[in-house]
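Let's take a friendly walk through a protein fold, one piece at a time. Keep the picture in view as you read.

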Amino acid sequence: MSIYDFTVKDATGQPVALKDYQGKVLLIVNTATGCGFTPQYEGLEQMYRKFKEQGFEVLDFPCNQFGNQAPGSNQEIQEFCQLHYDTTFQTFGKVDVNGETADPLYKYLKAEKKGLGEAIKWNFTKFLVDREGNVVKRFGSATTPEKIEAVVANYL
């Protein structure tokens with residue numbers, strides 16, 4: 001099993017095969033639009049713009065499991081991010097990251113990098129995937145994009 005074996009849904013419900021990202025460094029993030037960490041969108045976008053030409057992608061998965069902080073529709077979430085943070089990276093459809101209804105991708109990510117226990121504690125948990133599809137790092141919610149930029153750069 002590899003990260004490239006998964007298919008996820010974009011914000012319009014269309015399937016996206018993660019094998020389309022093969023050979024790129026990925027930062028996979030569960031996000032929310034009404035969270036204290038929501039301003040991290042700005043740092044994620046800055047890092048994306050800085051490194052995208054080197055094969056870096058941010059994969060944004062909104063999640064409403066933590067305090068009902070992403071209550072909008074997929075379209076509303078995408079519009080919010082573009083309007084308030086000028087995001088240009090890929091926003092996918094809303095997913096669950098914990099429990100029986102957790103998206104298979106997130107079950108895999110958590111199994112690969114347990115971090116502070118398997119369950120994701122809150123919004124803006126980040127998983128770094130290298131060019132070969134290996135989940136190499138897990139960062140907690142409070143770890144800002146600015147704090148991990150050097151780590152990401154090392155994989156580029």
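Two strands count as paired if DSSP finds at least two bridges between them. With that in mind, look at this predicted model: four bridges join strand β6, residues 126–129, to β7, and the two strands run antiparallel.

**The sheet**

In general, the strands of a sheet pair through backbone hydrogen bonds, either parallel or antiparallel. Here, five strands form an open sheet in the order β5-β4-β3-β6-β7, and the pairing is mixed. Strands β5 (90–91) and β7 (135–139) stand at the edges with a single partner strand each, so one side of each is left without a neighbour in the sheet.

Strand β6 also pairs with β3 (residues 25–31): four bridges join them, and they run antiparallel. The table lists some residues of β6 with the residues across from them.

| Residue in β6 | Residue across from it |
|---|---|
| Leu-128 | Leu-27 in β3 |

Are the residues on the two faces of β6 buried or exposed? Lys-126 and Leu-128 on one side, and Phe-127 and Val-129 on the other, are all buried, and both faces of the strand are covered. Between β6 and β7, the hairpin has five residues, and Gly-133 in this hairpin takes a positive phi near 90°.

**Two helices side by side**

Now turn to the helices. Two packed helices are described by the angle between their axes and the distance between the axes. The axes of α1 (residues 40–51) and α4 (residues 145–155) come within 10 Å and cross at roughly 25°. Angles under 35 degrees count as roughly parallel, and α1 and α4 are therefore roughly parallel to each other. The crossing of α1 past α4 is right-handed.

Which residues of α1 and α4 make the contact? From α1 come Gln-40, Gly-43, Leu-44, Gln-46, Met-47, Lys-50 and Phe-51, while α4 brings Pro-145, Glu-146, Ile-148, Glu-149, Val-152 and Ala-153. By type, the residues of this contact are seven nonpolar, three polar and three charged.

**A closer look at Tyr-41**

Helix α1 also holds Tyr-41. Buried means under 20% relative accessible area, and Tyr-41 is buried because its relative accessible area is 0%. Leaving aside neighbours within four places in sequence, Tyr-41 is in contact with several residues, among them Thr-31, Asp-60, Cys-81, Tyr-85 and Phe-124. Tyr-41 and Thr-144 are 103 residues apart in sequence, yet their C-alpha atoms are 9.6 Å apart in space.

Terms used:
Residues are numbered from 1 along each chain as its sequence is written. This is a predicted model: local features need pLDDT of at least 70, side-chain atom pairs count only at pLDDT 80 or more; totals for chains, interfaces and linings use all residues. Side-chain values use heavy atoms; hydrogens and water are left out. Axes are lines fitted to C-alpha atoms, for helices over the stretch in contact, and angles run from 0 to 180 degrees between N-to-C directions. Angles under 35 degrees count as roughly parallel, over 145 as roughly antiparallel, 65 to 115 as roughly perpendicular and the rest as oblique. A crossing is left-handed if the near helix is turned anticlockwise from the far one by less than a right angle, and right-handed if clockwise. Contact means heavy atoms within 4.5 Å. Ala, Val, Leu, Ile, Met, Phe, Trp, Tyr, Cys and Pro count as nonpolar, Asp, Glu, Lys and Arg as charged, and the others, Gly among them, as polar. Buried means under 20% relative accessible area, exposed over 50%, partly exposed in between (1.4 Å probe, protein chains only).
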